[in-house]
Structure formats: C-alpha cells, structure tokens
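Subject: Structure handover

Hello,

Here is the structure we spoke about, with my notes below it. Please read them with the coordinates open.

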Amino acid sequence: MTAVARRLVLILGLPVILLVVWWFVSAGSTTYYLPPLSAILDAFGRKWTGGALRDHVLPSVARLSLGYVLGVGAAVVLGVLIGLVRPVRAATEPVFEFFRAFPPPVLVPVIMLFAGIGDTMKVIVIAMGCLWPVLLNTVEGVRGLDGILSDTSRAYRITGLARLRHLVLRGASPQIMTGARQAMAIAIILMVISEMFAPTNGLGYSIVEDQRTFAIPEMWSGIILLGLLGVAYSLLLRVVEWRVLAWHRGLRRARRS
Amino acid sequence: ACGSEEPADGTPSSTGTTKVAVGVIPIVDVAPIYLGKDKGFFSKRGIELTLTPAQGGAAIVPGVVSGQFQFGFSNVTSLMIAQTKAVPIKVVANGVASTGKSGADFGAVVVKGDSPIQSAKDLAGRKVAVNTLKNIGDTTVRESVRKAGGDPAGIQFVEIGFPQMAAALDNGQVDAAWVVEPTLSATKAAGARPVAWNFVDAAPDLTVAVYFTSTKLTQENPELVRRFAEAINESLQYADTHPDEVRAVLGSYTQISEELRTSMTLPKWPTQINKTSIEALARLGQSDGVFTTAPDLSALLP
Amino acid sequence: MLDVRGVKKVYEGAGRTVEAVRDLTFTVDEGDLVCLVGPSGCGKTTLLKCMAGLLAPTAGEVLVHGDRVVGPPADLAVVFQEYGRSLFPWMTVRDNVGLPLRHKKLTRARRRELVAESLAAVGLADAHNAYPWQLSGGMQQRVAIARAIAYEPRVMLMDEPFAAVDAQTRAELEDLIRGLWRRLGVTILFVTHDIDESVYLGQRVIVLSSSPTVVREQLTIDLPADRDQLATRSDPNFAKLRAHVYEQIQAAKRGE
Amino acid sequence: MLDVRGVKKVYEGAGRTVEAVRDLTFTVDEGDLVCLVGPSGCGKTTLLKCMAGLLAPTAGEVLVHGDRVVGPPADLAVVFQEYGRSLFPWMTVRDNVGLPLRHKKLTRARRRELVAESLAAVGLADAHNAYPWQLSGGMQQRVAIARAIAYEPRVMLMDEPFAAVDAQTRAELEDLIRGLWRRLGVTILFVTHDIDESVYLGQRVIVLSSSPTVVREQLTIDLPADRDQLATRSDPNFAKLRAHVYEQIQAAKRGE
Amino acid sequence: MLIAILETLPRVGVVSARHLPPTSAVAAAFVEEVRKRAFWVALGDTLTSWAIGLAIAVAAGVVLGFVIGGIGPLREFTASTVEFLRPIPSVALIPLAVILFGTRIQSALLLIVYASFWQVLIQVLGGVREVDPVADETARSYGLGAWARFRHVLWPTALPYVMTGVRLAASVALVLAITAELIVGTDGLGKLIGTAQASQAVPAMYALIAVTGVLGIVINVGVRAVERRLLFWHQSVRGEVIPS
Ligand SMILES: Nc1ncnc2c1ncn2[C@@H]1O[C@H](COP(=O)(O)OP(=O)(O)OP(=O)(O)O)[C@@H](O)[C@H]1O
Ligand SMILES: Nc1ncnc2c1ncn2[C@@H]1O[C@H](COP(=O)(O)OP(=O)(O)OP(=O)(O)O)[C@@H](O)[C@H]1O
Ligand SMILES: [Mg+2]
Ligand SMILES: [Mg+2]
C-alpha cells in the first residue's frame, strides 16, 4: 500500500507542483496569449468532452499509431541492415542525413506531390519523422554489439534469421527502445504539423484553428491534451519495454543488487 | 529585418526618430509599405521602419498584441474574428483592396484547363482549395457560387497553402483553387482557367486587408499611430499611381520572376477603408459561421 | 584434419602494432586431443580465432578437412576464454545451450534431451531457468562448456575452459571431456595454463614460444588411454612429462 | 581487522531465489594472508562484494577496523573475477592503473613511478600505451592486479586473480603477492580454486561448504614464512596440508 | 543515384516538372542563389541560431541528463513531467516565442532549444543506465569520489549515447531553425524558402531546401568525425578499425 502511494507521489508530485505554480503565476494574467490556468482548465472541460474527442482526437490517434508503427518498423529493418553492413552504411548515411535535415514544413508539400492530401500523406509524414531516431539508435545498437557475442554466434553458425532474432535484435533492443521513446514524441509533433496541411480534422488542426481564431484558452487546452496523449503513449511504450527488456532490467538490477 | 540589436519599441530615440517594427506577409499586397520606406515617406515623419516578413497571422497578431511589432498587416476577416474574441487590436489604415473588376482582379478561383467546371455555379459540390479554412477565402467563394445561382452548401473546402495549390490542382487532389497573385498568373500561364472572381462577387471594391495595431499603442502613443497612418496612406497613394515602381520593388523582397512581375494583375491600394464592403464581409462571415457573434466594427475600425 | 600452415597474425591498431603470432605450423589429426600451452599473451586465443574462421590470418592458412578456412567451418564448436561475454544475457541458460541446436535437424524432444544432458554433465541441472548474469563465474563457464558439448561438434576448440571452476569440478570436467572424446571421436584442441591438466588430458601437448610466437615443441603423451585422476597423476611417467612441459614453458617465458 | 559476522545473502530475481550464502562468520587479522577456497557457485564472489561494501548482505554484517561496512572502505583494493569488465576500455593500460592513484595525495612523479613499477612487476612493462581490448585475457588480468598493487592498499581482496595466466607467470605472481604482503604488511583475502596455490600462499586457508554456504574449516598453514616455489612445494608438510584441503573440498562438493 | 532519380522523375512525367523541377533546373537556381549576398547572410544567420541553439540544448541536456539520471529518485520524480513536456510540438510554442521575443533570434532559439533538448536528454538518460556495474564497482572500491566516477566511468559509458543524442539534436536543431525562420520570420534560409514559396519560384525553393539537406550532411560528417576521435575505444568504432 505504501509502495503504491510512493509511486503515486513520484508520478504526480512534480506535475502537481508545476500546476500549482502555474495556477498562481498566471492567476491575474491579462496577457491575451497567456490566459490564467483557470480559464484554460475551464476551456479544457468545455472543449474536450463529447464530440470533439471523437471528431478530433480519434482520427489523430489513428494516424499517429499507424504512422508510428510503420516508421518504427521501417527504421528497425533499415537500421539493422545499415548497422550490419558497413558498405551500406557508407553509401546510405549521407542520403539519410540529407533528408533528415529537411524541415517538415517544407517536406510536407513535396510528400503531398506523391501522396496526395489525405490521410496517406499525414501517415507518411509521421512515419518519416519516427524513422530517424529509431534508425540512428538501431544502427548504433547494432554496431555496438559485443564482439565476443557475435563471434560466438558466428562460431556456432547462428546465421541469417536466427542471428537476427537471437543476437542482433535482442542485443540492440535497449537502444532501439530508447529510439522508440524519442520517436513517440516526434510522432506527436509531426501529427500536429501534418495536420497543418490540408486538414479536415484532428487534434493538431484543432490547436492551429484555435490559435488562428484567437480561442487562446482552447488552444492551450489542446496543447495540454497533446501532453497527456504523450504521457499515455509513453505508458503504453513502457509496458512494451517492460516485456521486451525484461532481461536487460534484470541484468542491470542483478549486477547492481 | 536587419538584425539590429536594439529592438524596435515605438518610443522616440534620442535622435528624434521612432523605431517601428511592422509584421508583414511577403506578398504583393504589402508592396506599398516597401515602396514607401524606399521613398522616405516614413523617415520624413520620424519613423525608422523595420519590415519583418512572417508567414501569417500566427506570428503577426501575437507579435502586435505583445508589442514586439508596433503594427501588422492582416486580412479583414481574421481581424474581425480577433475582434469577436476581444483581442485588443485596432485597424489603423487600409491595406489592399480588390480591383473590383471581374476578369482582372488579383484573386480568383481557378480550375484546370480541361475541367468541366465552367462557372462559379458549377463549383457546387466540388472540392475547392483555400489557403485558410473559415476565413476570407471560403466565405467569398461561397458568395460567388451563391450569386451565380449555385448552392454553396455542398462545397468541400480544403486547406492548402497558396504555393502548393497549383500542384494540388494538377494532381486532381482538388477540383478548383482559390488563388491570389502571383500564384494566379503562374497557374494561368500553366493552363488553368479562372471561373470565379470571388473578391468582386463579395462586395464592390472589397477591402481585403488592413494595417492594424494594438489598442494599447493607440492609447499610449496616438501621435505615432497617426503618423504611421499618414505615411501608409501616402505610400498607398503612391503605389496606386506608380504600378511600374511597384513591380520593381517586388523584386527587392520577393523572388517573383521577372515575367510574372510584369504580367500579373496588381491589386488596388485606395487610402479609404471601404466600410460597406467590410460590413458585407462581416455578414458573410456570420452566415457561414466564421464568427459566433457579430464583430463590433466601430470598435475595430478607426 | 586441422592443418595450421605458416599462420602469422599481426594486429594493427591505434598506435600499436603487435605481431601476435609469427609462424605456426602443426597438424591435429582426426580424433586427436591436443593441448596447447604457452605463456600468457603468446597468441593462443588469436590462433584459435583464426582456426575458427573468426579472424583472418595475416599470412598462412588453416585447413579443416583439407578445406581452407574462410568462415566458421561446419560442425565446429568454440568455448571462448571470455566465457562471461560469450553468453547471451537475454536468454536463459537453457536457451543459451539450445540456441545452436536450432539449425541442426533435430526433433524438439531430442534437442531438449541434449540440453538437459549436457547441463547435467557440467553440474548445472538445476539452473535451467536462470539467466547467465544470475550465475557465478564458474557456473557461467560451465554453461559455455555445456553449449559446446550439446552441439555435438566434430571439432572442438576450447580456450582455457576450466579457468574459473574449483579443483574438484575441474577434475570432473576433465574426465567429462576425455570421456566425450573417447566416446564420440571428436577432434579437440584445448588451450590451458595448467600443465598437469595438459598432460592429463592430451594425447599430444604443443608448447608455444613467447612472442614472436612459433611452435616450440610437440610432445606426445604416452600415457595409457584410460586415465584416472589418482592413478594417472601418480604415474612416474606423468611426473616426467609434467616436468618436461614445465621446463619448456619456463624456457619459453625466458624467451630462449 | 576484517570481521565477517553471520553474513547471509539471498538473491531474489525473476523467478529465481538463491540463498548464495547462508551464514558466514570468520575474522582476518591485521596483516594476515587468508586464502578462501570453496566449490564453484558457493558464494565467494558474493562474500567478497559484501566485504568490499558493494553489496548489502541480507543479514549479518562486515566490520573493517571495527567499523561496519556500508560503502567501499578506504584503502581497500579489489581484483574482480570479471577482470575483463573491470578495466575501462576507454583508457590505456597506464591510465587504468593510474586512475585510483589520482585521489591519493601523491606527486606526479611518484604516481608515474608506482604505475611503471607495478606494471613491470606483472610483466607488462611494454604495454603501457595499449588499450585493454588490445590485450590477451591473461594480460588483462595482470593489468587488474597491477592496478591493485599500485594502489598500495591496506586491505586487498582478490577474486581468482591468477585464473587466466600461465603456470610460470602464476608462480611469479604468487611470489610477488607474498613479497608485497611481507614487505608492506597488507591484509589479504585471496580467493582461489587452485589448492596448491591456497596452501602455498596463505597463512590460513578457509574452506567454504557448497550451497547453502557456511565455513567448513579454517586451517592454519604452518609452513615457514619464507616460501620458495621449489622447496616449499616439495615440503612433506605442504603435501599433507594440500591433501587435507583437497579432501575438504571434495567433501564440500559432495555436500557432506 | 538519388540525384539521377530526382532528375528523371519529373522528366518522365511522374510528377510535373513545375512542382518538382528536375535536378538540373534546381542546380541552375542554386548557382543563381549563391551569387547573391543575401543568401550567404541568410546561411550565416541560420548557422548562428543553429549553433547557439544546439550548444544550449546539448549543454542543458547533458547536465540535466546526468543529474536526473544519476539520482534515482529524481529520475522517477521527473519522469511523468518529462513525458508530458516532450511531445509538445515546438510549433505550438510559436505564439509564445513571438510574444516573448518577436522575430529576434531568441524566438528561433527558444524553439530550437525546446525541440533538441529532449533528444539529448533522453539519450543521456538511456546512457547513464548502461554503466557496467563491474566497472562502476571497480571505481567505487578504489575510493573514487563522485566526480571522479562521473568523469572516468559514467561519462565515457554514456558518451556513445550522448553522441547519438547530439547527432539527433543537430538535425532537429537545423530543422527547427529553418522552421522558425519560415513561420516566425527570423532571419535565415527558412525565410528565403518562405519567400521563394510565396513567389512561385519553385526551382529556387528546392535549391534552398537542398542547401538545408547538404547542411545536414556536413553537420553529420562533422559529428561523426568527432565521434570517431572520442569513441575510438568503443565496440562500434573499434569493430570497424580492426579487421576481423
Ligand atoms: N584485438 C587486438 N588488438 C591488438 N592486439 C591484440 C588484440 N588481441 C590480442 N592482441 C595482442 O596479441 C597478442 C596475443 O594475444 P592472445 O589473446 O592471442 O594471447 P593468448 O595466448 O590468448 O594469451 P592469454 O593466455 O593471456 O589469454 C597479445 O600481445 C595481445 O596484446
Ligand atoms: N546477481 C545475481 N542474481 C542472482 N543470483 C546470483 C547473482 N550472483 C550470484 N548468484 C548466485 O549466487 C550463488 C553464488 O555466486 P557467487 O558468484 O558468489 O559464487 P562463487 O563462489 O564466486 O563461484 P565461482 O567460483 O564459480 O566464481 C550462485 O548460485 C549464483 O547463481
Ligand atoms: Mg587467450
Ligand atoms: Mg566467483
């Protein structure tokens, strides 16, 4: 029971402190764009109950999830390939770095040329954003595999898929998960950006629209919702990590005791 | 945008000139202020002008409200929305207006050359691109359709930036697009065909955009506001009567190609804000649900 | 069977070039059990890696069954000196031992049997579900040995496989290896630092010189094939051979 | 000096709870050299970690100079069984050895001297600039030993420090440790699997039982303080002690 | 090869040349651009805000990463807040940036630092957890103090992660520098891109975009070079130097 309470304090402690600080600092705010927290929370209650949740949040979440899964999947596949085969890395790294430097706001129009203006475009934008952190981390994870371990695999002719499954992916998984965490935040950011182009609905669109129509408390409430979405996804990711990295956690703890 | 260390703050400096920052959108519409700056209309009134291009209202309105810019440029509908939400701003001078001539305005709805759409009426039930949803574009296009005898209710508006519209039209992602210069000339040159002149249809000699400031500045420094408005008006007048110089100054702050600059249609720059046309816009906006309450034009306009 | 011909290996690295092995030539016949001894740092691990096809020699070549080694040859198992790092930390002991068996065409039951048998043989019957990092150093090393045994290779290269186990367990494992060798006819190359062990285990002992490394001596161990921890070790011949190897190593260390 | 009182350690991990050490009580006096032997997996490393303040015992306590150990005590050096992982791969051999000296108030010259001396003592005078991963297993282990020696601690805990070196080097290192101990009066606790070594080195040998671990026997080695690889090892008393320890370990393994 | 694809796509008509001009046209526009002084000034501005922003983000990310990562309870205490703040897009902060700083460089810096800080922080937090306990115990048993352990154990262990974080942050910072210039209108390449876009100067726009891409490559090459120097001892670099 006390353990649960402790966790709760740990999870909620800082957010509560920050909220309280924000509440008091912003209480008398007359700056148009920085409304008091009370107004924001009020707008939150009004805006994000009922219809808006279905109309804006659901489509966003769907695009986000799809784009994320596609992006991370592609990144792991590419990352393993690039990490394992040195010539491939030498050949592809400049190309990747070239594309990575494109800001999404200028990249999206180009993607629109190929993928249209619908959900496909938005999913691709999200997927492309997720690609980089996971790709980089996968490459580094694969490059950093223990030499003795890969020698062992080679000596026992654990090759091909088995090598991939039992050595490469597992060995790189701690770093892949770090990348996946970063990708999650980026996916949410790109969800917002993609919804600035040819939007029909979505959380990002709603925030931009609120900003444009000067519904500032509503805009901030949308941003808060984004943050909450981030927390929710991060918890989900933690569950995945809990399973995938059970050995790693054990290893760390065991060695540390 | 010279990156001067000293921020513009609207207060007179020791030399008697006032530093003034203005947030503008780097398009044709603001040519007069660039021209006026070159011609010294501002400096002779003791205003040291800094023009800062930004992509749109997202940056300009907050900048003006917070005092980072002393003045800004924005379309009328956006400002009316702001007014209904009690954003503390006030219009100070006219910005840009429609030519009022069907067939020769600086904004129009275009379709692909081989499109079955022949007139504004045919837009009913189609997909039309506008740069911003729930703003001046869709309300005026609806009015065009209405005036041509079509039903605007079924039109599906899609938000696409002006630069991307030509591509969206070509790829068939939209059936029609509302564009302004220079995109209008560029798409026409590529074979697109105008089917509706929405600014003309919305109201005669429609005032499209204006210069505005924060109510705080109007109270604290009405003198500066007056001087700025005077300088703007002189600039507008000059621009309206010297189209060649306008086309030349465009080369200084845009990348519009030489041929587009000479061929495109310039808007009108009257010094008078056409209040009737703004009332018409307000009505359109209200009937299309852009504002929830009627904007208080007397509070907004000077 | 195992043919090492003029193998030379030079490591070139950040500001340090080391000629680990200068020129090694020897043969291990099919079904032989050869022990390799030599001073620390003389290149034994390097040689083993070259033989396993994990490292390309700078000069010379290694032949297995008459084929030049370019990658790890089939049916060859290695027990690495760095046993701790050669176990997969994300797998249980059982999976670590069972993994190499997957690509052998075996029934599931047979595989499980092999794993269980070999773990029992090294005295780890009750650690199936543990992860390597939950084991002591000696236990980890025994897992690595069990993995090699379960694999039922035709050639086994072992790099100081008993360094981390206690004397009693070591004796048992020695007998286990001898038994395995006699029963299955595996070819074994065994690196050890323990001179008694090399004489007790091997049919032949190869003594390497210190760096720059060459073969210093090849000694045939003419002890009876049936060996016993007590009887063999008290055999006067054993003492003689032991003394001989010891001298050789001492000389090697002095760089004579 | 070193007081181990009722130490018990239970590892609780994913589905596997191991009572590594049940109840250990013994004392090492100031300036003593005690060897610890016991079956593989009986908890020697666990005990050492508890003594070094790196692991908290589940029950009982360890006292150093009468103070209860909660963190690593000052002037105590440890040579880990996992020597490979205890060296920092990002530092040269010289820096690895020199690192612990930094927070000792020594002149730069003295520090350099200590590093050079201790590396020479373990036979690595020419490897100063190499990185650990460029060294053989035995060389790595000797770097770890050199680091402990250079530190000039008052207490030294060594966990199978000679497991990876050849017989000749091992003998030299044994004499090195004995010499150091006699010269500086360090207190040493030495874990080994080599029974001869335990008898040759130690003033006392502590034999641990197999799991659940308790102290099985504490044996005083009544050999003369001046020991010599040839003379001492051929001493009849040595053979007797050796046989005794061997028996104890065998019995421990059988779990008697 | 990529260049060839980009050249042929518009040529064979997969996309209209007017919207995605062939590389040759872009190259011509590029030559045109580099002749202008404004281009070099803009490039300088972009690089300045990139460098300052990245430096702040890396410094803050590394310091906070080690502090938070090194102190267990602190890590748990801040976890939920970090997860909350991280996905808030920099673009949503644009009004805030403009209110505070207008179109001065600080606006761009706010956005750059906010976005790239998290990249570094998360990597450092990941790296701090990876410290080999045997190495750390060695250091502890030799009585190394907190600072020495940080310098000689924690820092080198986390360094590969830090480097990955820097690489990620470097490109995110570039992306945000351009975005801020594009949307807010601070000085730099992004502003030129925005102007070119609004002016229908398509080849010039792509030429400028390509410049940002090339910047990305250059930056990566730089960071990689630093990494090879700093991480020569790490398996990932070592494995490539020594033939095996
Ligand atoms: N990866 C490497 N890079 C550079 N030099 C190396 C590398 N591996 C080994 N060496 C050097 O090669 C020589 C032989 O090393 P090797 O590991 O083969 O010795 P060994 O006979 O196995 O020694 P030990 O008995 O101590 O394990 C040593 O001098 C060592 O420093
Ligand atoms: N981190 C850990 N988690 C769980 N169990 C552990 C852990 N470390 C050790 N053990 C268990 O504790 C017991 C004692 O381990 P320890 O490493 O102390 O043995 P040891 O005497 O040093 O053996 P060896 O001589 O083989 O090194 C073993 O059964 C081992 O499985
Ligand atoms: Mg070796
Ligand atoms: Mg141990």
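Glu140(A) and Arg143(A) both sit in helix H6 (residues 119–143) of chain A, three residues apart, or about one turn of the helix. Helices here are DSSP runs of H or I with at least four residues, strands are E runs of at least two, and both are numbered from the N terminus. The two side chains meet in a salt bridge, 3.3 Å from N to O. The criterion for a salt bridge is a side-chain nitrogen of Lys or Arg within 4 Å of a carboxyl oxygen of Asp or Glu. Glu140(A) is buried, at 7% relative accessibility. Arg143(A) is buried as well, at 11%. Buried means under 20% relative accessible area, exposed means over 50%, and partly exposed lies in between (1.4 Å probe, protein chains only).

Before the rest, two notes on conventions. This is a predicted model, in which local features need pLDDT of at least 70 and side-chain atom pairs count only at pLDDT 80 or more, while totals for chains, interfaces and linings use all residues. Residues are numbered from 1 along each chain as its sequence is written, chains are lettered from A and ligands numbered from 1 in the order in which they are written, and side-chain values use heavy atoms, with hydrogens and water left out.

How many salt bridges does a search of the whole structure find over all chains? The count is 56. One of them pairs Glu218(A) with Arg46(A), at 3.0 Å from N to O. Glu218(A) lies in helix H10 (residues 216–244) of chain A and Arg46(A) in helix H2 (residues 37–47) of chain A, so this bridge ties together parts 172 residues apart in sequence. Glu218(A) is buried, at 17% relative accessible area. Arg46(A) is exposed, at 53%.

Chain B has a bridge between Arg227(B) and Glu223(B), with the closest N and O atoms 3.6 Å apart. Both residues are in helix H9 (residues 222–241) of chain B, four residues apart, about one turn of the helix. Arg227(B) is buried at 16% relative accessibility, and Glu223(B) is partly exposed at 38%. Bridges with shared partners join Lys44(B), Arg45(B), Glu223(B), Arg226(B), Arg227(B), Glu230(B) and Glu234(B) into one network.

**Magnesium sites**

Which residues coordinate the magnesium ion that is ligand 3? They are Thr45(C), through OG1, and Gln81(C), through OE1, at 1.9 to 2.1 Å. Thr45(C) is in helix H1 (residues 44–51) of chain C, and Gln81(C) is in the loop between strand E6 (76–79) and helix H2 (83–86), 36 residues apart. Thr45(C) is partly exposed, at 25% relative accessible area. Gln81(C) is buried, at 9%.

Donors are N, O and S atoms within 2.8 Å of the metal (3.2 Å for Na, K and Ca); water is not among the atoms, so sites may look incomplete.

In chain D, Thr45(D) (OG1) and Gln81(D) (OE1) coordinate the magnesium ion that is ligand 4, at 1.8 to 2.1 Å. Thr45(D) belongs to helix H1 (residues 44–51) of chain D, and Gln81(D) to the loop between strand E6 (76–79) and helix H2 (83–86) of that chain. Thr45(D) is partly exposed at 25%; Gln81(D) is buried at 10%.

**Cysteines**

There are zero disulfides over all chains. The cut-off is a pair of cysteine sulfur atoms within 2.5 Å. Cys42(C) is buried at 1% relative accessibility, and Cys50(C) is buried at 2%.

**Nonpolar patch and annotated spans**

Leu8(A), Ile11(A), Leu12(A), Val16(A), Val20(A), Trp23(A), Phe24(A) and Leu41(A) form a nonpolar surface patch, with about 750 Å² of accessible area together. Patches take residues with over 30% relative accessible area and no salt bridge, joining like charges within 9 Å and nonpolar side chains (Val, Leu, Ile, Met, Phe, Trp, Tyr) within 5 Å. Areas come from the Shrake-Rupley method with a 1.4 Å probe; for residues, only the protein chains shown count as cover. Helix H1 (residues 2–26) of chain A gives the most to this patch, with seven residues.

For chain E, an unreviewed UniProt entry annotates residues 51–72, 84–102, 158–184 and 204–223 as "transmembrane region". UniProt positions follow the numbering used here, feature names are shortened, and annotations may be inferred rather than shown by experiment. Residues 51–72 of chain E are 95% helix and 0% strand, with end C-alpha atoms 32 Å apart. Residues 158–184 of chain E are 96% helix and 0% strand, with end C-alpha atoms 36 Å apart.

Best regards
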